[in-house]
Each structure stands twice: as structure tokens, then as C-alpha cells.
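I opened this model to look up its fold, its aromatic pairs and its salt bridges. My entries follow the structure.

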Amino acid sequence: MNSRRSWIVFAVGVFAYMAAVLQRSTLGVAGVDAAERFETSAALLSALAVLQLVVYAGLQIPIGLLIDRVGPKLLITTGSAIMVIGQLVLAFAPSIGIAIAGRILVGAGDAAVFISLIRLINSWFQGRSVPLLSQWTGNIGAIGQILSALPFAWVLHNVGWTPAFAAAASLSFAGFVLGVAFLADRPADVPEQPRVASVKDAVRGLGTTLKRPGTQLGFWSHYVTQSSGTAFALFWGFPFLVSAVGIAQGTASVLLVVIVLTGLVAGPILGILTARFPLRRSNLVLGITATLGLVWAAVLLWPGVPPFWLIVLLVVSMGVGGPGSLIGFDFARSFNPIRSLGSANGIVNVGGFTASFVIMFLIGVILDAQFDAGWSGSLYDLDAFRLAFSVQYLVIGFGVVMLLRARRRTRRKMEEDEGISVGPIWVALLRKWKRRG
């Protein structure tokens, strides 16, 4: 049975992560306001969001190494403090250049929180509760997206830009204070795992972690499931719903909340399936990705404006993709020792955000290219978005191919390690999993 202290650590860590998601997603509902405030193009406006994700993804592996070196508490509290500074910079930014600097700080602080929390869960909990709590982490953290879509959006549209972003920053400040007061890297009665002695040893260990096919399988699983929903929720979804589909701003905000609510329902279900059927995890990932591809095809190919029920189906599908991406971290846990789990989780977390910022940036570039080429409609009309959103099939399709290759190599490696064929190895691994959990 887990101690009361472990649940306090979990609650504080999840609160800090929820605040981080709020900071990350505030720009998603402020896209139209940002375009008016900074008077900029779609491509440059896209860069405002993309640079945040580039910084986030680029720091995942260094942050992972730091987790293995200095522990997750320091990184969660430091990341929360950096996000506070970044959001305050954005709140008072007089130009797009200053705003970009603020979002870079937000991305840097955000990069430290989630994978540090995943490491805390692995230190404070054991067995089958780990994949379940990992799913609940994503679900509870995603409440930050609801906070951005509803109360933040209300303050933004009724009070103003500066009060809205300053209020959002205050939540991460609370996460910082609570983290300093209550977080700990591990239970007091658990001996500390050996830490790397030097940067050279850390880099060498990172290379070993990268080479593990199971780590790569986690990376590509995260890549294909998270990216579509992230690109939609963090930036392009709101302009698409309002300007292209013609949905009222209030209804569009509610639809962004539906993505989160769907994750709250789907996450625990996926956590149970992951824990009970660990040998079918990649099939879950591929099924979620295929569903997203089919629903997006229906939306983009629909003659005229897609009906509201189809838009709802789209956001529900993307809501399943969010918790589906957390399966990637379960692959990292299965195929890496705990002493290198921080760097392994960092590698996995790069996947979805790499695909997300590529998709987000390309959507902006394609929208601008159509407009510059003499597009007869407006920059954000439905036909312009149809072509722009189609770029997802290239980016995610590449990820599916790489996922299948990583899965094949993972199975082959397991055969080599166990010295038996694929059929018996899955049975053996299932028994091993049950012994661990």
C-alpha cells in the first residue's frame, strides 16, 4: 500500500504539471487576439507557438539527463519559476519579438515538469499502479487546458491581454511554492540509485538508452498519437473552428474542453488496458492513430462545411490521442533501468512535440503560401485549411513507418536476449510482467 506521503507528492506534482499545461495552452485560445495585438502574418504567428515547442522538445534529453543527475524536485520547481517569468514577459510584451522571447521561456520551464513527474511516480509507486497513475497524470494535468479554454479565455476577452496572462502565471507560482514545500525525490527509506559520475558517462549512457529498440518504440508511439491533437489544441484548432467552420468563439472553447474531457475518460481505460495487456500496447497505439487518420479524412474531404457532429467526433478522437501517447512512456519503463529512466522518458517525450511543432509550422507556411499565391478567399477560410491540415498525413505517416520498424527490431532484440522464438517470448514476457507488477 502506498503511503500518505506518496499521494501528497503525487498531488503536488500533478498540480505543478496542470499549471504547466495551462501556460503551454494559453496561446491556443489567444491566437486571434495575438494576430490583432502584434499585427503579424500566419507564419510568424505560428512561429510564436512553434518556437515554444522547439525549445520544449530540444530540452527534453538534457532535462532527462539532469533528472538522472540532480533529481526531479529541483527541475519541477525551477521549471515552474521559469514559466512564471515567461508568461509575465508575454503579458507585457509590446512587440512580437518580446512575445517570442516570453514563449521561449515558457517552453523551457514546461520542458522540465512532465518527465520529472513521471520519474517521481516511478520512485514513489510500484507495479501496475505506475501505468495507471501515468495516465491519470496526463488526464489531471490536462485540466490546465480547460482552464485556458474557459476561465483564461473569459479573462482575456473581458478584461484584457495583460491581466489574463498574469493570472495564468500565478498558478505556476503556486506550483513552485508547493513544490519547494512538499516534493521529495524518493521515499526516505529507499536508497538512492547510483548517479552518473561525469558528463562523459551521462552522454555514454544516453547513447545506450537511444540504441535500445524499446526506447525508440516509445518515441515513435508518442510521435504518432500526440501530435495531431497538440497542434490543434495549442494553436490552429481555435482559428480553424472559428474562422473556417464558422463556430462561435464560446462553442469553440467548449470543443477544446471536449478534447480534455475525452482524455479524462479514455485515459484510465487505456491505463487499465496497458497494465492488463502489455504485449498489445503497440496495437493500441496503431489503432488510435488509424482512427485519427480516418476522422481527419472525413473532415477534410467533406463537401462544404463539415457538420457539427463530425467536428465533435474529430475532437473526441484527438482527445483519445493524448492519453494514448502516454503508452510511449510505458515502453520506456519496460525496456530501461530506473537509473536511466529520466533520459529515456526525455527521449520519448521529444517524439510527439517534434511532430507537433513540425505540423504547426507547416500549417502556417502553407496558409501563407496560398494567400501569397493569390488565394481568392481569406487567409483562414475552410478551403485554405483543408490543404494546410493535410500535411499531417506526411508527418504522421512517416512516424507510423518508423514505429513499425522499431516494433520489429524490439521483438527481434527480445528474441535474441531470450534465445527463443516470437511466440514463446511473448508468453515469457507476460509472466515476467506479472511478477514485476
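The entries below go from the whole chain to single side-chain pairs.

**Basis.** I worked with a predicted model, in which local features need pLDDT of at least 70 and side-chain atom pairs count only at pLDDT 80 or more, while totals for chains, interfaces and linings use all residues. Residues are numbered from 1 along each chain as its sequence is written, and side-chain values use heavy atoms, with hydrogens and water left out.

**Whole chain.** I found 18 helices and zero strands; these are DSSP runs (H or I, at least four residues, for helices; E, at least two, for strands), numbered from the N terminus. Of the 437 residues, 56% count as buried. Buried means under 20% relative accessible area, exposed over 50%, and partly exposed in between (1.4 Å probe, protein chains only). I then looked at contacts (heavy atoms within 4.5 Å): among those between residues at least 6 apart in sequence, 83% join residues at least 24 apart.

**Aromatic pairs.** I counted 23 aromatic pairs. Rings of Phe, Tyr and Trp (its six-membered ring) pair if their centres lie within 6.5 Å; planes under 30 degrees apart count as stacked, over 60 as edge-to-face and the rest as tilted. Tyr17 and Phe114 form a tilted pair, 5.0 Å centre to centre with 45 degrees between the planes. This pair links helix α1 (residues 4-29), which holds Tyr17, to helix α5 (residues 96-124), which holds Phe114, across 97 residues. Tyr17 is buried at a relative accessible area of 8%, and Phe114 is buried at 3%. Phe232 and Trp296 form an edge-to-face pair, 6.1 Å centre to centre and 65 degrees between the planes. Phe232 lies in helix α10 (residues 213-244) and Trp296 in helix α12 (residues 281-301), 64 residues apart.

**Salt bridges.** I noted five salt bridges, each a side-chain nitrogen of Lys or Arg within 4 Å of a carboxyl oxygen of Asp or Glu. Arg24 pairs with Asp110, the closest N and O atoms being 2.6 Å apart. The pair links helix α1 to helix α5 across 86 residues, and both Arg24 and Asp110 are buried. Arg119 meets Asp68 at 2.8 Å, N to O; Arg119 is in helix α5 and Asp68 in helix α3 (residues 42-70). Asp383 and Arg386 form a salt bridge at 3.3 Å, N to O. These two residues are three apart in helix α16 (residues 382-389), so about one helical turn separates them. Asp383 is partly exposed at 44% relative accessible area, whereas Arg386 is buried at 14%.
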